[in-house]
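Here is a walk through a structure, one stop at a time. Please keep the sequence and the 3D view open side by side as you read.

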Amino acid sequence: MEIAFVLEKFILVTIIFAISLVIAMYSTYAERKVAAFLQDRLGPDRAGPFGILQPLADGVKMFMKEEIVPTNSNKWLFMVGPGLAMLTACIGTAVIPWGTAIQIGERVIPLQVTDINVGLLYIFGVVSLGVYGVMIGGWASNNKYSLLSAIRAASQNISYEIAMGLSIIALLLVSGTLSLKEIVEQQHGWHWNVIYQPIGFILFLICAFAETNRAPFDLPECETELIGGYHTEYSSMKLGFYLFAEYINMFVSSAVIASLYFGGYNYPGMDWVLQHTGTTIGPLIGTLVFFIKIFAFIFFFMWVRWTIPRFRYDQLMHLGWKVLIPLAIANIIVTGVVIAIIEKF
Amino acid sequence: MGTSVFYIVAALSVFFSLMVIFSKNPVHSVLYLIVTFFTFTVHYILLNAQFLAVVNFIVYMGAIMVLFLFVLMLLNLNKDNEPLKSPLVKIVGIIAGCCLVVTLVGSLKATAVSNPLLLKNPGLGLIQNLGRELFGPFMLPFELSSILLLTAMVGAVLLTKKEKI
């Protein structure tokens, strides 16, 4: 293991980490602006021009608030909860291919931290781990509302994981690989997977909403029933971490959806652009396109939040078990049959 | 380097497994069990069994343990409502535990030094090779075990239906 390799990966990890934090930070601002736009208001506009310093002001406010640890809570787990939520939100970015390899001087640098051949399953594992932050925090607060919320989060997460896994299997039948890098490379130009897997894409999108606890599936923080949900007892930056983790999750799942179904860094006419811009600038344009797709999905997440009301709990379970799972299984069967027919003839 | 990593991780696995049985609070036990499973995942990665590692990660850490935690949180066990155990139960438990230890030690002594399969063919744990093995020579056992799982699932659904079927 040469020192340059370690340095290169270290710099890449730092950049990706910084970018995800900044995007999550400005997602909070974007969320309020989008909400304001959809409700015909102005939104935050006091801190800086157009209110663009608002996330900084919010962050400072979070840090300055008093730290409160409930007397009968489990102190250690109460602290672990938000940390775990942040950790599981951040580690998903490791396997996402952010672009084709760029050439700087003699050196070719792949814009992906690691290309493991089970990358898709790794993402799936990280998603399934994400619920622990909520569960541990909710239980350790020693508050019945928090506990109810933690239990809701767990059952919701497990229910929608199954449909998500089944929708990924249909995608696997098409791509034949679990490596995210190869899946994205197969979607060269405009051959995006969403064309071959429209139902799989919709299923995956719905499950992504449920897994990130975003509206209309934000039952773990349903304030009309559960006060604040799992973070009722939290204050200061611990609360900030929970809120922040949600936005990082949103960013990561947008990136996963964009790379699985919408071609990642691929765009129509990319060969022509690559020929005319060279191997340093060309891949960066691809990365830019990838980020535009991610932002579009983040906007979609917000758009849905401010348009569709929250599901009732039984509706949530009904949708997950009786609609999405049968649909996903049917999708697998149809995909399999079509692939078999195409290979035969 | 691989051996030293193995010993560190193995020590951690043993430590966290012991913590599972020594901690008083059942929720802490489950959390230690999750960490133990994580160390198992690391063991699989050290053996280059990537697929097994990630499946262990998803199924055990991500699904089964969430359900365990779910049930324990609902029960909300603590010292006050723990039923008192009679001395007879404790004695029976000690005897059963000693029998288990004797059996385990005996069976471990009987086995020869294992000849690890994975090291002969380091690529076996990778997903392509594993898939070929499962759907080639081991097709029948694989399908049979899936039928077994399906049967268990149908049984579980039937058990939850209280009204007459």
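Predicted model: local features only at pLDDT ≥ 70, side-chain atom pairs only at ≥ 80, totals over all residues.

The unreviewed UniProt entry places the feature "transmembrane region" at several spans of chain A, among them residues 76-99, 239-261 and 281-303. Two of these spans are worth a look in the model. Residues 281-303 of chain A are 100% helix and 0% strand, with end C-alpha atoms 33 Å apart. Over residues 76-99 of chain A, the chain is 62% helix and 0% strand, and there the end C-alpha atoms lie 40 Å apart.

Now turn to helix α11 of chain A, which runs over residues 236-261 and holds A245(A). Is A245(A) buried or exposed? Counting around it gives 25 other C-beta atoms within 10 Å. The cut-off for a buried residue is 20 or more, so A245(A) is buried. Leaving aside residues up to four places away in sequence, A245(A) touches A85(A), M86(A), A89(A) and G133(A).

Follow α11(A) on to its meeting with helix α12 of chain A, residues 270-305. The axes of α11(A) and α12(A) come within 8 Å and cross at roughly 120°. Because of that angle, α11(A) is oblique to α12(A). The crossing of these two helices is right-handed. Which residues meet there? From α11(A) come M250(A), F251(A), S254(A), A255(A), I257(A) and A258(A), and from α12(A) come F290(A), K293(A), I294(A), F297(A), I298(A) and F301(A). By class, this contact has ten nonpolar residues, one polar and one charged.

Chain B has its own annotated spans. In an unreviewed entry, UniProt gives "transmembrane region" for residues including 30-47 and 53-75 of chain B. Residues 30-47 of chain B are 94% helix and 0% strand, and their end C-alpha atoms are 26 Å apart. For residues 53-75 of chain B, the figures are 100% helix and 0% strand, with 31 Å between the end C-alpha atoms.

Finally, see where the two chains touch. Chain B puts 17 residues into the contact, and chain A puts in 20. On the side of chain B, helix α3 (residues 50-75) gives the most, with 14 residues. That side of chain B divides into 15 nonpolar residues, two polar and no charged.

Definitions and conventions
Residues numbered from 1 in each chain as written. Chains lettered and ligands numbered in written order. Helix = DSSP H or I, 4+ residues; strand = E, 2+ residues; numbered from the N terminus. Buried ≥ 20, exposed ≤ 12 C-beta atoms within 10 Å, placed from the backbone. Contact = placed C-beta atoms within 7 Å. UniProt positions renumbered as here; feature names shortened; annotations may be inferred. Nonpolar A, V, L, I, M, F, W, Y, C, P; charged D, E, K, R; others polar. Axes fitted to C-alpha atoms, helices over the stretch in contact; angles between N-to-C directions. Parallel < 35°, antiparallel > 145°, perpendicular 65-115°, else oblique. Left-handed = near helix turned anticlockwise from the far one by under 90°.
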